[in-house]
Each structure stands twice: as C-alpha cells, then as structure tokens.
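Thanks for asking me to look at this one.

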Amino acid sequence: MPLMTSLLIAIDGPAASGKGTLARRLADYYHLPHLDTGLTYRAVAWDLLRNGQSLDDEASAIEAGRHVDLSNLDKHALSAHGVGEAASRVAVIPELRRILVDKQRDFARQPGGAVLDGRDIGTVVAPEADVKLYITASPEVRAQRRLRDIEGRGGSADVSEILADIRRRDERDMGRADSPLKPAADAHLLDTSDMSIEAAFRAARAIVDGMLAKRNGA
Ligand SMILES: Nc1ncnc2c1ncn2[C@@H]1O[C@H](COP(=O)(O)OP(=O)(O)OP(=O)(O)O)[C@@H](O)[C@H]1O
Ligand SMILES: Nc1ccn([C@@H]2O[C@H](COP(=O)(O)O)[C@@H](O)[C@H]2O)c(=O)n1
C-alpha cells in the first residue's frame, strides 16, 4: 500500500519475540525502509570478538561503535545466536548507546518515514513515532522459535540452554540502567505466543491502518 505521507513505525520487544519478522513485513507492505537496530549492537560485539578484545573493554566498544556503517551491516555474520548474547553485554555502555542511537535517529528521520525495531525505539530512539508496537511472547515459545531458527540453518542446540540464554538476556536488557527494554506508555502490546506470523502481521497492520485512518479523519 503506497503512502501519501510520512509514517514512522517503532517496534520493540525481547529476543526472538518476532519483532524483526513483523518489522520486515510491515516495511514491505507500506514501502518503507527498515532498520534492525540490534544489528548495530551486534556489529560492535562482533568487532570485539573478532579482534580478541574483551566485551568489557568500553573504550574499544565505543571506538567500534563510531565505525558502525548502517549501509554495510553483514546480517549473515551478525545473526549467530552467540553474537546476540555478546551484543547485550556491550549494549549496557551508555557512551556506545549515544553513538549508535544518533545513527539510528538519522535513519528514522528520513523523508517518508521508516520502520525500526529494537529495544528502545519507542522510548528513546523515536519517541515521536506515529505507531509504537511492543511485541512479546512467552520465553518458552521464543526458545522454540530460536531453536527452529538454528536448526533451519543446519545447526543444533539444546532448547533448555536457549531458554536460559533468553531469560538471561531479558534480565540484562530489562534491568540495565540506560534505556532498559520496556513498552513506551503509548505502545500497543501484541503477545504473539499463540499467533502465527500471518496472524501477528494482520494484527499489527490493523493497528497501523487504524492510526492512518484516524490521521486522515476517517
Ligand atoms: N508469530 C510467530 N509465530 C511463529 N514463529 C514466529 C512468529 N514470529 C516470528 N517467528 C519466528 O521466530 C523466529 C524469531 O523471530 P525474529 O527473528 O523476528 O525475532 P526478533 O524478535 O527479531 O529476534 P532478535 O531480537 O533476536 O533479533 C524467526 O524464525 C521467525 O520466523
Ligand atoms: N535498540 C536496541 C537493539 C538491540 N539492543 C541490544 O542488542 C542485543 C541484540 O539485539 P537483537 O535484537 O539483534 O537480538 C539485545 O539483546 C540488546 O541488548 C539494544 O540494547 N537496543
């Protein structure tokens, strides 16, 4: 559906809740550019890991953050499950967050709008977003989804270890002092535990279309 005006959609939620899948579907449907902001934190973590640097080395993380190029994020290398865990460790560094958030804001403010997904989009990166979605699913359902991801790429994993990792990541992301994961006060909550991808997409689209209709005075 082509848009006549600008539309900025902010999507937040915990690991493997399905926010990236929804963000890509919505971006495609409304013809908007999409940014998975998790990739920016993953790029920093990956840089440290690759260079044998500690994830606690704040100066190196900040330097790596300055070099993150939104147009050159290697999704394939960054998508490994372990990189996500490492990303959540560097994501607690406030100075690094400032640098990455500035880049993400530049992306959000392009003419016509955009879809961004992450942990602090509705609260910090784009509090002015036209629509904010907070996507959740139970940790058990998310662990099963992540397992299917890993198996789909030819890997294998123990679901109880994935579940433990998801719980640890939730605790770190929701408990950090700077920009913790939480729904914005005006976010629409969508629990996808019992929803197919298609059903979640339909529900998200109904929210966005409802906002557009209201904005157009319908
Ligand atoms: N509603 C759903 N029903 C079943 N599977 C789903 C649903 N939504 C997403 N998935 C699947 O779950 C997996 C995780 O989804 P996705 O990568 O979108 O999550 P995410 O929240 O973006 O994760 P991350 O925070 O790690 O980037 C994918 O394999 C995706 O296809
Ligand atoms: N806006 C964001 C996005 C991500 N993070 C941190 O990065 C980790 C990896 O994110 P994924 O979405 O790719 O799983 C995540 O656990 C967060 O710690 C963030 O802080 N803010």
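This is a predicted model: local features need pLDDT of at least 70, side-chain atom pairs count only at pLDDT 80 or more; totals for chains, interfaces and linings use all residues.

1. On annotation, an unreviewed UniProt entry lists residues 9-199 as "domain: Cytidylate kinase".

2. Ligand 2 may well be where you look next. Its surroundings comprise 14 residues, with Gly38, Tyr41, Ser88, Ala91 and Gly118 the closest. Two or more residues of this shell come from each of helix H2 (38-50), helix H5 (81-90) and helix H9 (159-175).

3. What is the make-up of the shell around ligand 2 by class? Five of its residues are charged, five are polar and four are nonpolar.

4. Helix H2 also packs with a partner. In general, the angle and the distance between the axes describe two packed helices. The axes of H2 and helix H3 (residues 58-66) come within 9 Å and cross at roughly 125 degrees. An angle over 145 degrees would count as roughly antiparallel and 65 to 115 as roughly perpendicular, so H2 and H3 are oblique to each other. Their crossing is right-handed.

5. Which residues make the contact between H2 and H3? From H2 come Val44, Asp47 and Leu48, which meet Ser60, Ala61, Ala64 and Gly65 of H3. By class, this contact has four nonpolar residues, two polar and one charged.

Note on methods:
Residues are numbered from 1 along each chain as its sequence is written. Chains are lettered from A and ligands numbered from 1 in the order in which they are written. A residue is near a molecule or strand if its C-beta atom, placed from the backbone, lies within 6 Å of it. Helices (H or I, at least four residues) and strands (E, at least two) are DSSP runs, numbered from the N terminus. Ala, Val, Leu, Ile, Met, Phe, Trp, Tyr, Cys and Pro count as nonpolar, Asp, Glu, Lys and Arg as charged, and the others, Gly among them, as polar. UniProt positions are given in the numbering used here, feature names are shortened, and annotations may be inferred rather than shown by experiment. Axes are lines fitted to C-alpha atoms, for helices over the stretch in contact, and angles run from 0 to 180 degrees between N-to-C directions. Angles under 35 degrees count as roughly parallel, over 145 as roughly antiparallel, 65 to 115 as roughly perpendicular and the rest as oblique. A crossing is left-handed if the near helix is turned anticlockwise from the far one by less than a right angle, and right-handed if clockwise. Two residues are in contact if their C-beta atoms, placed from the backbone, lie within 7 Å.
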